[in-house]
Structure formats: C-alpha cells, structure tokens
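This briefing goes through one protein chain by topic. Please look over the sequence and the model before reading on.

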Amino acid sequence: MSDLSSTRASSGALRRQLFAQTWPMAIGVMSLLGFQLVDSAFVARLGTVALAAQSFTFPITFLMIGVQVGLGIAIAALISRAIGAGEHERARRLGSLVVLGGATVIGILAIALWLFHVPIFRQLGAEGEALEHIGHYWPVQLLANWFSALLYFGYTLFRAHNNTRLPGLLMVTTSGLNLVFDPLLIFGIGGWGGLGLPGAAWATAAAFAIGLLLLGWRLSRQNWLSATDLAGETRRSIGPFSVIAGPAMLSQLMPALSAMAATALIASLGEQAVAAWGLASRLETVSLMLVLGLTMSLPPWLGHCYGAGNWPRIRALMSIAFQTVIVWQLVLGSVMALAAPWVAGALSSDAVVRDALTWLIRLMLPSYALLGLCMLVVSASNALGWPLRAMMISFARLFVCYLPCIALGVWLGGQMPYVGLGAALGNALAGSMAWLVFRQSMQGMPQQVRTIPAQPS
C-alpha cells in the first residue's frame, strides 16, 4: 500500500510540474493564435475576396513556420541534452548558433518567397482580385513572419532552460499589441488612414518588433550565449544537428505542404469555401492551444531526461500528457460543436461562409483529441532521438490519412460537410497510428534509470 501511495504521490508531483511548465506556453499560444483568429475576423469585414486572399497565404506562412520549428527542435534538443549532461559552455555556444543561423535561414527563405510569390499563389488557385490583394499584403506579412521567427528562436533558448514563463508572457504581450494595432491600421480612425488588408500585416509586424525589443533586453541579462569558438562548435555539432534537424524540418514542412495541397483542393469549391477553410484553420490552431503548449514545454524536459538516462520519468511524463490531451480536446471539441453556429456567426457575416464553417467546426473539432495525440508523439520522438520515426509518422498522418480523406470528401460530395467529415476521419486514423507506434517504441527502452558517465573536465 505504501508503494502505491508513493507512486501516486510521484505521479501527482509530475502532473504539477508539467502543468507549471505548460500553462504559460498554453496561455501564450492561445493569445498568439487567438489574435490571428480575431485578425481574420477583422479582415472578413473587408469582404470575402480579402479573406480568401489572406487564407491563400496561410499555407506559405506554415511553410516558414515549419522551417523555423525544425531548426528550433534540433537546437533545443542539443541544448537540453548538453544541460542534462552538464555541458553548460557548449549549451551557450549552441544558443548563439540558433539565433544567428536561424535569422539568416528564415531571412533568405522570406526573400525567395517574395520573388516567386505570383507563380506560387497561382498554383494554389489564387487569381484576379485575390492575387492583387496578395501582392499588397504578402511583402509586409513576410517581414512579420521573419520577426516571428526571431522571437521563436529566442523562446527556444528560454524553453531549453526550462523557463516557459517569459515566452508565454511575451506571446500575450505581442497578441495584445496586435489587437490594438489591427483595427487602427486596417480601418483607420473615423474612416481615415486605414490600410485595408496590408494593415493587418503591419499590425502584426509592429507587435512582433516590440516583442523582439523586450526579448533582447531579457536575453541580455542571461548567461546563455557565447561568442567563443562558434566555428568549432558548428563543425562539432553539424552532424548531430543534421541528424535531428533534417527529419524534424521535413516533419514540420509536411503540414505546410499538406495545407497547400488542401487549399488547392478546397479552391476548386470556390472563394467562399477557401474563406471558410481559412477561418477553420485559424480556429484549429486556437483549439489546439494545450497541445501546442505541451509540444513546446515537454521536449526540453524529455531532452533532460534523455541526457540523464531517466526513461521511467519519460514514460510517466508521456502518459500524463496523453491523458491530459485526450480529455481536454474531447471536452473542448464537444462544447465547440454545440456552439458552432454562434462561433461561425461571430467570425463571418457571409451566409455561405458561415454555414460551411459551422459544418467544419461540428465535424473536425472533436477529432482533435487524436490529432493532438499524434502531434505529441511527433514532438516527443524528436526529443528522444527518433527524428526519422517522427518524420515517418508526420508523413503517414498527412499524406496517408489526412489528405486522401479530404480529397475523397471533395471528389465525392463537393460540399464542406463531406470535407469536414474526411478531415475528421484522417485525424482519427493518424492519432491511432501514432499511439501504436509510440507504444511499440517504448517497449524496447530501459525500465530503470541508466547511469550516465561523468563528463571529463
């Protein structure tokens, strides 16, 4: 009986620690993605064409996010493992590399996406007035995306050191600033000075720029960066980094590629369908706030346990995370499904868009319980030294489960209820597959804490 009580007490302590690490990130993610949803609601007041134009840019923005997250996953894994193994000077060098290298890579990508934006968006189905709107909006949004990437790399340093409070606070701060700037820059004051759709991008860029100033000030007070021997560290770490970053980046890019393919499929149903799908995509990310918070707070902790050889704690952490996600997403999905007509009405005044969005909410939101489980498995696999496995799970989720089911809905029904049903089925299949793969992977891991030899001084 005492052993059982001890196990329960240990599990309770882990739950409290995981909650303490996750809630700042979850709140930050909710505020960050919530302002993006409100941003789209403001844009919807400009008309269906403007909303469709913005929706066409979402997959390309996800592409940029995929690159930055892939880089961040690799660096965070190396930093957290170095800290877990007591290699603090190496962790500082890696911190400097993520800031400098990440800013360069995302900057080059942003320039390329502007130079080739016309053929890219035409391939997605944008044309006419929508393409003209994109031409004015996209360069400013690329600047905002670059600022967002710099913030993300800064957040990575804090998360790798188990500090999730500051990233969460800065996400809330930048979200609040964006909500203030949005109506002022989109519509102006008293009908004067409004920039229309580009104003939404300028609002985001201004909010992220202020966030960068605050992040730089706080980062300057930490001893987490080093300017010594960066070239040598690059040579030493390029192999381990590539092993993690390559598959991790592909894993993160696949959702963007999938979103591009899904948008192209939806575009065949018309601009109103694209507008509804864009709002549903924004709503999806907001509803997954807890999952996204866990994918940010859990990997550094898993990396520390991995570096220390503590597999029993890894098992306990993942079990708690799985249970939390399943319960939370089922409850939230059920409530949102019941409230779907009111949520859709608050986001769009167009009757066709509103009806399509209502069906998407009802059918897709409950399925995010299993989608969240799949996302946790991918995130944990990268942290535990299984990047190739994470990549294969992501590929199967998107290109074996999700996209074929959406395509089936488009081709068989040609209406949004069929599309939503297909997406929900794809999420259910992906979550079930990921859980089975992860359970099998953990069966071969040590049952006891593995002793790590001391590092030479």
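**Briefing on the predicted model**

Phe19 is found in helix H1, which covers residues 2–44. The coordinates come from a predicted model. The chain contains 16 helices and two strands. Of its 457 residues, 55% count as buried.

**Whole chain**

- Among contacts in the chain with a separation of 6 or more, 83% are between residues 24 or more positions apart.

- Phe19 and Leu294 are separated by 275 residues in sequence, while their C-alpha atoms are 9.1 Å apart in space.

- Helix H3 spans residues 88–115 and includes Leu115.
- H3 has 28 residues, and the distance from its first C-alpha to its last is 41 Å, close to the 40 Å expected at 1.5 Å a residue.
- The buried residues in H3 include Ala91, Arg93, Leu94, Gly95, Ser96 and Val98.
- Further along H3, Gly102, Ala103, Ile106, Gly107, Ala110 and Leu113 are also buried.
- An α-helix has 3.6 residues a turn, so residues three or four places apart point the same way.
- Leu115 counts as exposed because its relative accessibility is 60%.

**Helix H5: Ala160**

- Ala160 belongs to helix H5, which runs over residues 128–160.
- Ala160 counts as buried because its relative accessibility is 0%.
- Ala160 and Ser80 are 80 residues apart along the chain, with a C-alpha separation of 5.3 Å.
- Setting aside neighbours within four places in sequence, Ala160 contacts Ala76, Ile79, Ser80, Ile83, Pro300 and His304.

**Helix H6: Asp182**

- Asp182 is part of helix H6, residues 165–187.
- With a relative accessible area of 0%, Asp182 is buried.
- Which residues does Asp182 touch, not counting residues up to four places away in sequence? They are Asp39, Phe42, Phe187, Ala200 and Ala203.

**Helix H11**

- Helix H11 covers residues 311–338, a run of 28 residues.
- From first C-alpha to last, H11 reaches 41 Å, which is close to the 40 Å expected at 1.5 Å a residue.
- Buried positions in H11 include Trp311, Ile314, Leu317, Met318, Ile320, Ala321 and Phe322.
- Val325, Gln329, Gly333, Met336 and Ala337 of H11 are buried as well.

**Helix H13: Thr358**

- Thr358 sits in helix H13, which covers residues 351–364.
- Thr358 counts as buried because its relative accessibility is 9%, and the cut-off is under 20%.
- Not counting residues up to four places away in sequence, Thr358 touches Ala340, Pro341 and Ala344.

**Helix H14**

- Helix H14, residues 368–383, has 16 residues.
- The first and last C-alpha atoms of H14 are 22 Å apart, close to the 22 Å expected at 1.5 Å a residue.
- H14 is mostly covered, with 15 of its 16 residues buried.
- Gly385 follows H14 and has a positive phi, near 85°.

**Cysteines**

- How many disulfides does the structure hold? The structure holds zero disulfides.
- Cys401 is in no disulfide, and the nearest cysteine sulfur, which belongs to Cys405, is 6.9 Å away.
- Cys405 is likewise in no disulfide, its nearest cysteine sulfur being that of Cys401, 6.9 Å away.
- A disulfide requires the two sulfur atoms to be within 2.5 Å.
- Cys401 counts as buried because its relative accessibility is 8%.
- Cys405 counts as buried because its relative accessibility is 11%.

Technical notes:
Residues numbered from 1 in each chain as written. Predicted model: local features only at pLDDT ≥ 70, side-chain atom pairs only at ≥ 80, totals over all residues. Heavy atoms only, no water. Helix = DSSP H or I, 4+ residues; strand = E, 2+ residues; numbered from the N terminus. Buried < 20%, exposed > 50% of the residue type's maximum accessible area, 1.4 Å probe, protein only. Expected span 1.5 Å × (residues − 1). Contact = heavy atoms within 4.5 Å.
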